[in-house]
Amino acid sequence: MERSYASRSSGELATAASGSGRPVRVIPLRHPPGFGSISSSSPPWWRAAVGRARSMGPLEWAEAALPCVAWMRKYRWKEDLQADLAAGITVGVMLVPQAMSYAKLAGLHPIYGLYTGFIPLFVYAIFGSSRQLAVGPVALVSLLVSNVLGGIVNSSSELYTELAILLAFMVGILECLMGLLRLGWLIRFISHSVISGFTTASAIVIGLSQIKYFLGYSVTRSSKIIPLIESIIAGADQFSWPPFVMGSAFLLILLTMKNLGKSNKRLRFLRASGPLTAVVVGTIFVKIFHPPAISVVGEIPQGLPKFSIPRGFEHVMLLMPTAVLITGVAILLFGLGIANICGSLFSAYPATGSFSRSAVNHESGAKTGLSGIIMGIIIGGALMFMTPLFTDIPQCALAAIVISAVTGLVDYEEAIFLWGIDKKDFFLWAITFITTLVFGIEIGVLVGVGFSLAFVIHESANPHIAVLGRLPGTTVYRNTLQYPEAYTYNGIVVVRIDAPIYFANISYIKDRLREYELNLPNSNRGLDVGRVYFVILEMSPVTYIDSSAVQALKDLHQEYKARHIQIAIANPNRQVHLLLSRSGIIDLIGDGWCFVRVHDAVQVCLQHVQNSSSSALKLASQASGDSADSISTPKAEKQRLKQDGFFKNLWKAHDGNADSGGEVQPLLRQNLV
């Protein structure tokens, strides 16, 4: 005896007959909690934030304001102190010569590299969230500083130094603002291919900019490879052998120690001690032999940096693009922003986290921010007591330190890997690499990010859409291109949209759906009905639908209705289902055409097709029997009669006037609608 679905118990499921006559349990799709209410059940973000703030105690507030409180409160003196001391001393010894080298790369006096590796270390240890990030001057930021300031003022002028310090202040402000606004997600739109291509090109430019200390003559300061090469070739007649031999020897020593430290854990101290070795050996050689052809650093002021307010604010707009770029390189860390602001008050230029020093810090066993404080103490000791010893450091030794550091950024293996697996990503790598080399760092970044965003927009506006079929012996539906053996049914198209549906891609989705209607996919099951009568949208990958998509779906429903095509929806998530319900789309297509599973939707559609087809065939045979000249009726006319009869009976069944034996139960509870 038949019963209406509304009278069934909550645990009982509707049953539809499959094409093979076996019963199929159709699972009802329930409305999500909160349906019918205007607002979502979850509280607004600001209310949640206020509630969380109220629940925080004094200790939690202290940890939020000063992250160092967290590790200080739980510090294990016996277990952690030895590791932090070892890591801090190792990286501190590595930082002293590197800081001077990077300052030279930035076009500044070496003392400003030591200043940049002093105050920011202490500040980041207090406000920073990473226990292993080694803060200080880095090669890429130093090149950016040199590139932008060199176009404004001569590096020998006092204004050049003032603008470098001002740039640190601006970068710190931007980093703090972007950190507070939680804008770190912006970096996700820059693909790894772009970053790899950019850093590889930058490393080559940095290396070429330092080769002048090997050659013994001046080379044009530029972030473009063509002017650098032209300048190197033009001055070839001034080539000097002594700095070239000494610099090459130092570079060979540094690379050897670096590789030994990486490959052998027992010798990893060599990686950190390489820069110090080059500086010590070079200084001893100069003090003993006094070679006239070897240029040295010269006098370095002794003592700690003094407090001063940055100057040159009239040049802020000229520095702003570079400040934004350096902020992006710095990965938007709030603690790093405070470090740069405080550093600029003590004559530091922009600082950020160093990958190489952070790796050494990690490998040396750093446990907490105390390792950074120890690094700062070492730099402070060098400033107070050791600067007279730095006078005779060969400039080619500092150049070798820079070149050795940036060799790890040359990532040609990434290009080979991308060529083998994804030509689109290889194109991104190549275009970023070439534009950075030819047109400079700023243009290279803009072009790389622009192409990266263009690919993101293109992929979003042209989402992957798959026609699904049923895998033999299962109720699982998969892409027919991936599984050619999957069953598809005549008159029914199952489509999966693998993206959110919104204003940018709805036109593309509608065009693809029309293509499936006009170019009927090859089906291998069921009666040949000659066209599409059901379109099932598998919506499990659809995480979001906007108002433009809602209106487009309404238009699509009207178009389909005019051509007697029924839309069915399968497996929408809670938010999508809620929006479809509120917007009236569920009412338009019929609440009986929303399903939990694709298989349920297919079986119900098959039931309609089979019932309507049998009635259509009966009508067609009666019409041919009543006609005296039925033998001479053209095949096209017979097909037309057959389809017309099918067409009428299909929509009779849809309106509830079909055979009682083919009952299709509504799938949403009536008392919830």
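Me: Let's start with charges. How many salt bridges does a search of the whole structure find?
Reply: Side chains of opposite charge can pair when their charged atoms come close. The cut-off here is a side-chain nitrogen of Lys or Arg within 4 Å of a carboxyl oxygen of Asp or Glu. With that rule, the search of the whole structure turns up 10 salt bridges. Keep in mind that this is a predicted model, where local features need pLDDT of at least 70, side-chain atom pairs count only at pLDDT 80 or more, and totals for chains, interfaces and linings use all residues. Residues are numbered from 1 along each chain as its sequence is written, and side-chain values use heavy atoms, with hydrogens and water left out.

Me: Okay, show me one. Which residue forms a salt bridge with E158?
Reply: That's R311, and the closest N and O atoms of the two are 3.7 Å apart. The pair links distant parts of the chain, since E158 sits in helix α8 and R311 in the loop between α13 (269-289) and α14, 153 residues apart. Helices here are DSSP runs of H or I with at least four residues, strands are runs of E with at least two, and both are numbered from the N terminus. There's also a network of salt bridges linking E158, E162 and R311.

Me: Is E158 buried or exposed?
Reply: You read that from the relative accessible area: under 20% is buried, over 50% is exposed, and in between is partly exposed (1.4 Å probe, protein chains only). E158 has 55%, so it is exposed.

Me: What does K287 pair with?
Reply: K287 meets D392 in a salt bridge, at 2.8 Å from N to O. Distant parts of the chain are linked here too: D392 is in the loop between α17 (370-386) and α18 (395-406), K287 is in helix α13, and they are 105 residues apart. K287 has a relative accessible area of 40%, so it counts as partly exposed.

Me: And what about D600, is it buried or exposed?
Reply: D600 is buried, because its relative accessibility is 0%. Its salt bridge is with R597, with the closest N and O atoms 2.7 Å apart. R597 itself is partly exposed, at 28%.

Me: Let's switch to helices. At what angle do α8 and α14 pack?
Reply: Two packed helices are described by the angle between their axes and the distance between the axes. Each axis is a line fitted to C-alpha atoms, for helices over the stretch in contact, and angles run from 0 to 180 degrees between N-to-C directions. Helix α8 (residues 158-180) and helix α14 (residues 316-329) pack at about 55°, with axes 9 Å apart. That makes α8 oblique to α14, because angles under 35 degrees count as roughly parallel, over 145 as roughly antiparallel, 65 to 115 as roughly perpendicular and the rest as oblique.

Me: What about α9 and α21, at what angle do they pack?
Reply: For α9 and α21 the angle is about 165°, and the axes are 10 Å apart. So α9 is roughly antiparallel to α21.

Me: Now the surface. Which residues make the nonpolar surface patch?
Reply: Patches are built from residues with over 30% relative accessible area and no salt bridge, joining like charges within 9 Å and nonpolar side chains (Val, Leu, Ile, Met, Phe, Trp, Tyr) within 5 Å. Here W185, L186, F189, L453, V456 and I457 make a nonpolar patch of about 510 Å², with areas from the Shrake-Rupley method with a 1.4 Å probe, where for residues only the protein chains shown count as cover.

Me: Where do V456 and F189 lie?
Reply: V456 belongs to helix α21 (residues 441-461), and F189 to the loop between α8 and α9 (192-210). V456 is partly exposed at 36% relative accessibility, and F189 is partly exposed at 35%. F189 and G450 are 261 residues apart in sequence, with their C-alpha atoms 9.9 Å apart in space.

Me: Last one: where is H564 found?
Reply: H564 is in the loop between α23 (547-562) and β9 (566-570). It has a positive phi of about 60° although it is not a glycine. N571, in the loop between β9 and α24 (574-582), has a positive phi of about 55° and is not a glycine either.
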